[in-house]
Amino acid sequence: MSGQRDAGFAAARDGVIFEPGSSPRWWRVTSSVDVDAALQPHLVVRAPYQNRVELWTGDGPPVVRRLFGEEADLAFSARALAFPLPEGLRAGQPLYLRVVTVGGTPMPLSIEPLHEVHRQDLEHVAWRAMVLGAMGVLAVLALGFCIGLGERSYGFLALTLLSQALFLALAGGELRSVEIFGHVLGSDPRMSRVVGMLAVIASNTFLAFYLDLATRGLAILRVLRACNVLLGCLILASLVSTSPLVPKVGNLVLLVATAGVLFASVRGTLRNERPAFFLLLSWLPMMLLTAARVGELLGWWVGPAWLIHAFPLGFALAGLVLTVGLADRMQQLRRDRDHASRLAAQDTLTGVLSRTAIIEQLQREVDLAHAQDTPLSVVFFDIDHFKRINDEHGHPVGDQSLRLVATRTRGKLRKRDFLGRYGGDEMLVLLPDTTFDNALVVAEHLRAAVNNRPLTIDGRVIDTSLSLGVAQLAAGETFERLLERVDVALYSSKSAGRDRVTGDLFSQPGDA
């Protein structure tokens, strides 16, 4: 206070305290202009995190401030430490700060009137509440999708968002009013460090899964895994040491992981990979902000005041876009799966339902008809003398004959009817809500659609006809029994001379 030690002070960056070591050091602060006491001025130390700052003015004991513990002043937000200057400040009058840090973080200084301090506090609280609330909501939604849809990728995303939100709340001081967090964080920086590194591990795991690096970027996957192993080692080191070297190494590992993810997303975007595009869209602003913030924490530069808001906001926006991107990916996977299911349900030669698909549909229609007490009829047909067509004209012509017959008969059915290839040249038609008599009419239309004009294939004119059997589902009848009866009806048509429709007599209601 007497000024006898002033010769030991060295010039530093204007308006910024950066203390890379953990040993206490003194800082002398002066103002170039007079500060009127009527403004209720405060010395504001921004972004203090877990650092402890003492203000010595020469009038009595020092004023001690930190975000956590008993020395926290909960009248102000966690954006800064605010020291009152009730007497104002004369130009050139020194203020002495004794700073104890738990890790090098730049702390910008300013002298602000009380109303300005409160205004910026309100803005800070609003921003932080919005960002942390958004991340919490997105995490809950992702967790709900994980449980409801059984998609573990949503679980990775939920874990990433929750760990990031917890880290931001711990490091930013939002949880300081909770006794256990306020007490522990006030004396020990290890909790926030461990949570921060867990957040990076969760993020790397999710991104590797989201970008499918196991098949599309094995080298990048190895880099991310190596980063996760290093972070795991740093977590173990954090449990036994509070050395500032731990977060510095952790920040460097974060930069490497960020660069790897950026490279993978850019490369994937250039290859027209939609997940990579969504990641680049969401992650690029956050990665730039992360790199800027890490550079600031390493003392490479001092960012603008809005960076403290932009950094967590980048997390929230990235989570939002990635949630949309993940939903898009799940939708694409479902489209691919549905397409594969349709291909499996479709006969590749004729385009009608496959044998498995038509039988499964028959089972469903039988159950529905029994449940709703509605009629159900089936038509079973094949092409007369189909073997002769293959023998005389070759199998390619026979295949084309099958396709043409399928096309002609399908054109005589309703949209709610089903046509499937049962095997070889045999086709099965399902006629929901159709009585036996009406099914006979439909079967005649199918027969006429084929034999009313010959098939013309590669210049060949081939006379073709159908033999058809018809049956209606009886009360309590199984689909197997229904198939047996309609099969008998078909072979009755063939035995009677082909090119005709035969109905199974027992299919009519009331018959036994």
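Salt bridges come first, and in this predicted model the count comes to 22 of them. Five residues, Arg52, Glu54, Arg66, Glu71 and Arg98, are linked in a network of salt bridges.

The side chains of Asp73 and Arg65 meet in a salt bridge with an N to O distance of 3.6 Å. Asp73 has 23% relative accessibility and therefore counts as partly exposed, whereas Arg65, with a relative accessible area of 17%, is buried.

In helix 1, Arg119 and Glu116 are three residues apart, about one turn of the helix, and their side chains form a salt bridge at 2.5 Å, N to O.

Is Arg176 buried or exposed? At 12% relative accessibility, Arg176 counts as buried. Arg176 and Ala78 are 98 residues apart in sequence, yet their C-alpha atoms are 8.6 Å apart in space.

Back on helix 1, which spans residues 114–149, we also find Phe145. Together with Val137 and Leu141, Phe145 forms a nonpolar patch on the surface, and the accessible area of the three together is about 260 Å². Phe145 itself has 36% relative accessibility, so this residue is classed as partly exposed.

The largest pocket holds about 900 Å³ of space. Of the 30 residues that line this pocket, the closest to its centre are Phe9, Ala10, Trp27, Arg28 and Val29. Strand 1 (16–18), strand 2 (25–29) and strand 8 (106–113) are the elements that give two or more residues to the lining of the largest pocket, and strand 2 provides the largest share, five residues. By class, this lining divides into 16 nonpolar, eight polar and six charged residues.

The second largest pocket has a volume of about 310 Å³. Its lining comprises 17 residues, of which Thr57, Asp59, Glu87, Gln93 and Leu95 are the closest to the centre. Eleven residues of this lining are nonpolar, three are polar and three are charged.

Finally, the cavities, of which the structure holds four of 30 Å³ or more. I will describe the second largest cavity, with a volume of about 50 Å³. Among the residues that line this cavity are Leu211, Leu213, Arg216, Arg267, Arg271 and Glu273. The elements that give two or more residues to this lining are helix 5 (213–216) and helix 7 (245–270), with helix 7 giving the most, three residues. What classes of residue make up the lining of the second largest cavity? Four are nonpolar, two are polar and four are charged.

Key:
Residues numbered from 1 in each chain as written. Predicted model: local features only at pLDDT ≥ 70, side-chain atom pairs only at ≥ 80, totals over all residues. Heavy atoms only, no water. Patch = residues over 30% accessible without salt bridge, like charges linked within 9 Å, V, L, I, M, F, W, Y side chains within 5 Å. Areas by Shrake-Rupley, 256 points an atom, 1.4 Å probe, with all protein chains shown as cover. Salt bridge = Lys/Arg side-chain N within 4 Å of Asp/Glu carboxyl O. Helix = DSSP H or I, 4+ residues; strand = E, 2+ residues; numbered from the N terminus. Buried < 20%, exposed > 50% of the residue type's maximum accessible area, 1.4 Å probe, protein only. 1 Å grid on protein atoms, 1.4 Å probe; cavity = no way out; pocket = protein on both sides within 12 Å on 5 of 7 lines; lining within 4 Å. Points joined across faces, edges and corners; volume = space filled by probe spheres on them. Nonpolar A, V, L, I, M, F, W, Y, C, P; charged D, E, K, R; others polar.
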